[in-house]
Amino acid sequence: MEKENFIYGLHPVTEAIKSGKEIDRIFFKKGLQGSFSAEILQLAKTYDIPFQFVPQEKLDRITRKNHQGVIAMISQISYQTLENLVQMVFEEGKNPLFLILDCITDVRNFGAICRTAECAGVHGIVIPMQGGAQINEEAVRTSAGALLRIPVCREKSLKSTATFLRESGIMLVAATEHAKETCFNADYSGPVTIIMGSEESGISPELLRICDQMIKIPMQGEISSLNVSVAAGVLLFEVVRQRLA
């Protein structure tokens, strides 16, 4: 791991947060106590920075230097505000196309999805504050640099975010194998948000409940599912096909 990708130690991490440095997440050693670590934890909550409590061994794998039980991973990108992004897209007269990724944890899948999304003209990608893939060098590399071009919004609650998009006049379409309708029968000509879930657990039930439509990709072979990045490509370019037609 390159040196410039992380900051370690109680004082440096504290100052990095206070100075407004973009931080992807903070790792705390399990059982860490003390006033400084408590202050960093509170700062993380205040500034909506994801954090995890991990074993000492994980921190030692990142750096052998005296990290004092705290390591902050520097973000590779600058996160955008969804409300501003939606307003900008409408004001510019564009037909909104957003993508919500519900707990896509594999870095390579995430990067591949972002690459496809940028090629398909997606206006913004929404990821959860906790439980998503880390946006590190590998994610940027797998995205072929798309992560440096496409806006990414990191949100506390995907349910609240989806509700906001729906109230903004953007249809919510969930990709799930439990759907009855195929993706080729849905209408994507208007403002739309595609929601993709992880390959293991799919889209969370609370998100599915508020979606306007559920769709699936029809399968012809014996294997019943696609890799999530491939599935995202199929759906996004069906949107492109319909809009170009």
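Two strands are taken to pair if DSSP finds at least two bridges between them. The model described here is a predicted one, and by that criterion seven of its strands form an open sheet, in the order β7-β6-β5-β10-β8-β11-β9, with parallel pairing. The edges of this sheet are held by β7 (152-155) and β9 (181-182), each of which pairs on one side only.

Helix α7 (residues 158-167) lies across β5, β6, β7, β8 (171-175) and β10, and runs at about 165° to β5.

In soluble globular proteins, nonpolar side chains tend to be buried together. The largest nonpolar core in this model has 38 residues, and those with the most contacts inside it are Leu99, Phe110 and Ile194. Two or more residues each are given to this core by β5 (97-102), α5 (107-119), β6 (124-128), α6 (137-142), β10 (192-197) and α9 (228-244), with α9 supplying the largest share, seven residues. When neighbours within four places in sequence are left aside, the contacts of Ile194 include Leu97, Phe98, Leu99 and Ile100, together with Val173, Tyr188, Leu235, Leu236 and Val239. Another core, of 19 residues, lies apart from it and has Leu85, Leu158, Ile195 and Ile203 among its members.

**The four-stranded sheet**

An open sheet of four strands has the order β1-β4-β2-β3, and its pairing is mixed. Because β1 (6-8) and β3 (51-54) stand at the edges with a single partner strand each, one side of each is left without a neighbour in the sheet. From one strand to the next, the twist averages 20°. Strand β2 (residues 23-29) pairs with β3 in the parallel sense over four bridges, and Ile26 stands opposite Phe51 in β3. Helix α2 (residues 35-46) packs on this sheet, touching β2, β3 and β4, with its direction at about 150° to that of β2.

Helix α1 (residues 10-18) lies across β1, β2 and β4 (70-74), running at about 130° to β1. Its buried residues are Leu10, Val13, Thr14, Ala16 and Ile17, and they are on the same side of α1 because they cover an arc of only 160° around the axis. An α-helix has 3.6 residues a turn, so residues three or four places apart point the same way. The buried residues of α1 pack against β1, β2, α2 and β4. After α1 comes Gly20, whose phi is positive, near 90°.

**Salt bridges**

The structure holds eight salt bridges, and the table sets out three of them with the separation of their nitrogen and oxygen atoms.

| Salt bridge | N to O separation |
|---|---|
| Glu39 and Lys18 | 3.1 Å |
| Arg25 and Asp24 | 3.4 Å |
| Arg108 and Glu138 | 2.7 Å |

The side chains of Glu39 and Lys18 meet in a salt bridge, and this pair links distant parts of the chain, with Glu39 in helix α2 and Lys18 in helix α1, 21 residues apart.

Arg108 counts as exposed at 56% relative accessibility, whereas Glu138 counts as partly exposed at 27% relative accessibility. Salt bridges that share partners also join Asp24, Arg25 and Arg154 into one network; within that group, Arg25 forms a salt bridge with Asp24, and both Arg25 and Asp24 are buried.

Note on methods: Residues numbered from 1 in each chain as written. Predicted model: local features only at pLDDT ≥ 70, side-chain atom pairs only at ≥ 80, totals over all residues. Heavy atoms only, no water. Axes fitted to C-alpha atoms, helices over the stretch in contact; angles between N-to-C directions. Contact = heavy atoms within 4.5 Å. Core = buried A, V, L, I, M, F, W, Y, C linked by side-chain atoms within 4.5 Å. Buried < 20%, exposed > 50% of the residue type's maximum accessible area, 1.4 Å probe, protein only. Arc of directions from axis to C-beta. Salt bridge = Lys/Arg side-chain N within 4 Å of Asp/Glu carboxyl O.
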